[in-house]
Amino acid sequence: MEGLALPGTPWAVVLPVKGGRGAKSRLGAAGAGGVALAMALDCLEAVLACPAATVGDVVVVTADPAVSAGAAATAAALRAGQRLRVVADPGGGLDAAAAAGLAAVGASTRRAVLLADLPSLRAGDLVAALAAVGAGGAALVPDAEGTGTVLLTAAPGAPTRTAFGERSASAHEALGARRLDLDLPHLRRDVDTATDLARAVALGVGRRTAAVLAARTG
């Protein structure tokens, strides 16, 4: 279709980040000391570390000033400030936040929604996952348990419906997304519980998450 992105053009990646006191409440005591913020910024750093030819625009959707400030500082440190946009979270949950980010990007490019609770993410993992998607069709990468969704992509020009939450992988499949069970454990290890966090630590987490956890036990 005229005006739409061609295969090989960069992806726009949307990261909804709840932030604030209510973020990652299921972590309980394991989430103390700014763990949720640290995880989100480690995830963002991995995204911004992807080559600009693969990941172009990066949109963080949040209502938390600490997340906004941290995102800007992360992008500046990587000299990637021109690639980052911060969009206000309209409220209403993860699907509403994803929709706001996707609207900011527009429909003329390859788009992806990436959850930000991935403290073990490495740039190479995201690059590999986006390469597996190919030209930009609707696809999902499930979490390590296989029931949730850590990455959801959409084709240029196609409407994007999201169904994040419990058993979102099957919900996104029902909406037409192709499931990609990739061997990318650093991408697929999201963190909702203390057990998830321990598994992420075993894989290796980003420097901010590691520092928060070390300060808590030091």
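Modeller: A residue is called buried if its relative accessible area is under 20%, exposed if that area is over 50%, and partly exposed in between, with a 1.4 Å probe and protein chains only. Thr-62 has a relative accessible area of 4%, and therefore counts as buried. The model is a predicted one, in which local features need pLDDT of at least 70 and side-chain atom pairs count only at pLDDT 80 or more, while totals for chains, interfaces and linings use all residues. Residues are numbered from 1 along each chain as its sequence is written, and side-chain values use heavy atoms, with hydrogens and water left out.

Thr-62 belongs to strand 2, which covers residues 55-62. Strands (E, at least two residues) and helices (H or I, at least four) are DSSP runs numbered from the N terminus. Strand 2 pairs with strand 3 (residues 84-88) in the parallel sense, over five bridges; two strands pair if DSSP finds at least two bridges between them. Within this pairing, Ala-88 of strand 3 stands opposite Thr-62. Between the two strands the chain passes through helix 2, and this β-α-β crossover is right-handed. The term right-handed means that, with the strands pointing away from the viewer, the path from the first strand over the helix to the second runs clockwise.

What surrounds Thr-62, leaving aside its neighbours within four places in sequence? Thr-62 is in contact with Val-17, Lys-18, Val-67, Ser-68, Val-86, Val-87, Ala-88 and Asp-89, where contact means heavy atoms within 4.5 Å.

The setting of strand 2 can now be widened. A nonpolar core is a set of buried Ala, Val, Leu, Ile, Met, Phe, Trp, Tyr and Cys residues joined through side-chain atoms within 4.5 Å. The largest such core has 38 residues, and Val-47, Leu-114, Leu-151 and Leu-187 touch the most other members. Strand 2 is one of the elements that supply at least two residues each to this core, and others include strand 1 (11-16), helix 2 (65-77) and strand 4 (110-114). Helix 1 provides the largest share of this core, seven residues. A second, separate core of 17 residues includes Val-59, Ala-97, Leu-115 and Leu-152. In soluble globular proteins, nonpolar side chains tend to be buried together.

In one of them, the side chains of Asp-42 and Arg-208 meet at 3.2 Å, N to O. This pair links distant parts of the chain, since Asp-42 is in helix 1 and Arg-208 in helix 8 (residues 207-217), 166 residues apart. Both Asp-42 and Arg-208 are buried. Side chains of opposite charge can pair when their charged atoms come close.

Conventions
Salt bridge = Lys/Arg side-chain N within 4 Å of Asp/Glu carboxyl O.
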